[in-house]
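Hi,

Here is the structure I promised to pass on. Have it open while you read, and my notes follow below.

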Amino acid sequence: MSSEPFDFAVVGINHNHIYGQVDAMLGAGCRLTKFYAVEDDLAAIFSGKYPQAERVADEQQIMEDEAVLLVVGAGIPVDRAPMALRAMRAGKDVMIDKPGCTTFAQLDDLRRVQAETGRICSILYSEHYRQKSTARALELVRAGAIGRVISTTGLGPHQLGNNPRPDWFWDPSRNGSILTDIASHQFEQFLSITGATEARILHAVEDNFDNPDHPDFLDYGHAVVAAEGATGFIRVDWFTPNGSPVWGDGRLFIMGTEGVIELRKYMDVEGRAGDNHLFLTDAKGTHYIDASDTELTYGAKLRDDVRNRTDTAMTQKHCFLAMELALQAHAMAERVGGSRPAGGAA
């Protein structure tokens, strides 16, 4: 078994998640050698952070480079699956940002081409694989700290006003819906925490509550997911207040037969400074755990998977099932009436 680092390259840098993706592989000792991006402004920022990477004029210079074993990408969401297909057909393993795809047709293509080529297609769900409190919670769950998991609640609020938004952001045909895109994080965490390999959507809602200038944009969504012996509630939105010091107060509650874990992933409101706060309640009492020293292993595991043709970072079934649940939730989501006057009924 080999853990030897290798060369990797980047295609598509439209979402800032690309920096966490790249850092995961650099942290595993791998070498970023090339990148391709259409946008000069984004490329200038990327080059400033990773001056070792050559900006190439044509994606094919990456696909035809035999030294490049892995292609990493966070392009416009609708473009991520097509890039992954091209990379796998070129003999590359691939790691893309969520959502790995925006339609069932794209998911079908990813599954088919991955099976045909035998290449790795991995999605870095950052709220799990780049988030230390989530990693620590999973360690505790797998060690039996709260017994058998029977319920999860995942909250993924986001802030609209913290960054300028490009045109594609407001277009669900290019960006995916709020459940397809953001909630894929929470669906993946539900699968990881429960260990489920099969799951289904029981109920879903999506709507536009407060963005009338972008009528197709969906700023709120929630869903209920079920697997054998466990259920999960997921809520995602674009309503983080401007006064928040972070882009969203991401929270995760895990209820077991013998205890409860709560994560305050990015901030503890009027409490402890910093992020990665974990609270455990069990038969012995209540416990606070600072999870900021937890090791993140996704990059090293993916490095080894590329070298050894294993699936320790993420199984293919898990990778695709999380996205399938997000697509199913969007497909069955109900609308509940959109906006109404502040303060509710008179």
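R136 is buried, with a relative accessible area of 17%; buried means under 20%, exposed means over 50%, and partly exposed is in between (1.4 Å probe, protein chains only). Its side chain meets that of E139 in a salt bridge, at 3.7 Å from N to O. For a salt bridge, a side-chain nitrogen of Lys or Arg has to be within 4 Å of a carboxyl oxygen of Asp or Glu. E139 has 45% relative accessibility, so this residue counts as partly exposed. Both partners sit in helix α7 (residues 132-142), 3 residues apart, which is about one turn of the helix. Helices (H or I, at least four residues) and strands (E, at least two) are DSSP runs, numbered from the N terminus.

Before going on, a word on the source: this is a predicted model, where local features need pLDDT of at least 70 and side-chain atom pairs count only at pLDDT 80 or more, while totals for chains, interfaces and linings use all residues. Residues are numbered from 1 along each chain as its sequence is written, and side-chain values use heavy atoms, with hydrogens and water left out.

Back to α7. Why is this helix described as largely enclosed by the rest of the structure? Because 8 of its 11 residues are buried. Those buried residues are S133, T134, A135, R136, A137, L138, L140 and V141. Just after α7, look for G144, which takes a positive phi of about 85°.

Now for the other salt bridges. A search of the whole structure finds 22 of them. One joins the side chains of K34 and D65, at 2.6 Å from N to O. This pair links distant parts of the chain, 31 residues apart: K34 is in strand β2 (residues 31-36), and D65 is in the loop between α3 (60-63) and β4 (68-74). Are these two buried or exposed? Both K34 and D65 are buried.

Another salt bridge brings together the side chains of R86 and E59, at 2.7 Å from N to O. Here too the pair links distant parts of the chain, with R86 in helix α4 and E59 in the loop between β3 (54-55) and α3, 27 residues apart. R86 is partly exposed at 38% relative accessible area, whereas E59, at 10%, counts as buried. There is also a network of salt bridges that links D249, R251, E262 and R264.

You'll find it in the loop between α4 (77-89) and β5 (93-97). K92 is buried yet has no salt bridge, and the nearest side chain of opposite charge, D65, is 5.8 Å away. (For charge, Lys and Arg count as positive and Asp and Glu as negative; His and the chain ends are not counted.) What does the side chain of K92 reach at 2.8 Å? It reaches the backbone oxygen of V68. Leaving out residues up to four places away in sequence, K92 touches I62, M63, D65, E66, V68, L69, V71, A87 and R119; contact means heavy atoms within 4.5 Å.

Over in strand β8 (residues 200-207) you'll see V205, which counts as buried at 4% relative accessibility. V205 and H330 are 125 residues apart in sequence, but 7.9 Å apart in space, C-alpha to C-alpha.

On a 1 Å grid over the protein atoms alone, a cavity is a set of points where a 1.4 Å probe fits but cannot get out, a pocket is an open set with protein on both sides within 12 Å along at least five of seven lines, and lining residues have an atom within 4 Å of a point. Grid points are joined across faces, edges and corners, and a volume is the space filled by probe spheres set on the points.

The largest pocket holds about 1,000 Å³ of space. Of its 34 lining residues, H15, N16, H17, N163 and R165 are the closest to its centre. α1 (17-27) gives the most to this lining, with 4 residues.

Happy browsing!

Conventions:
Lys, Arg positive; Asp, Glu negative; His and termini not counted. Polar contact = N/O pair within 3.5 Å; in protein donor to acceptor, adjacent residues only side chain to side chain.
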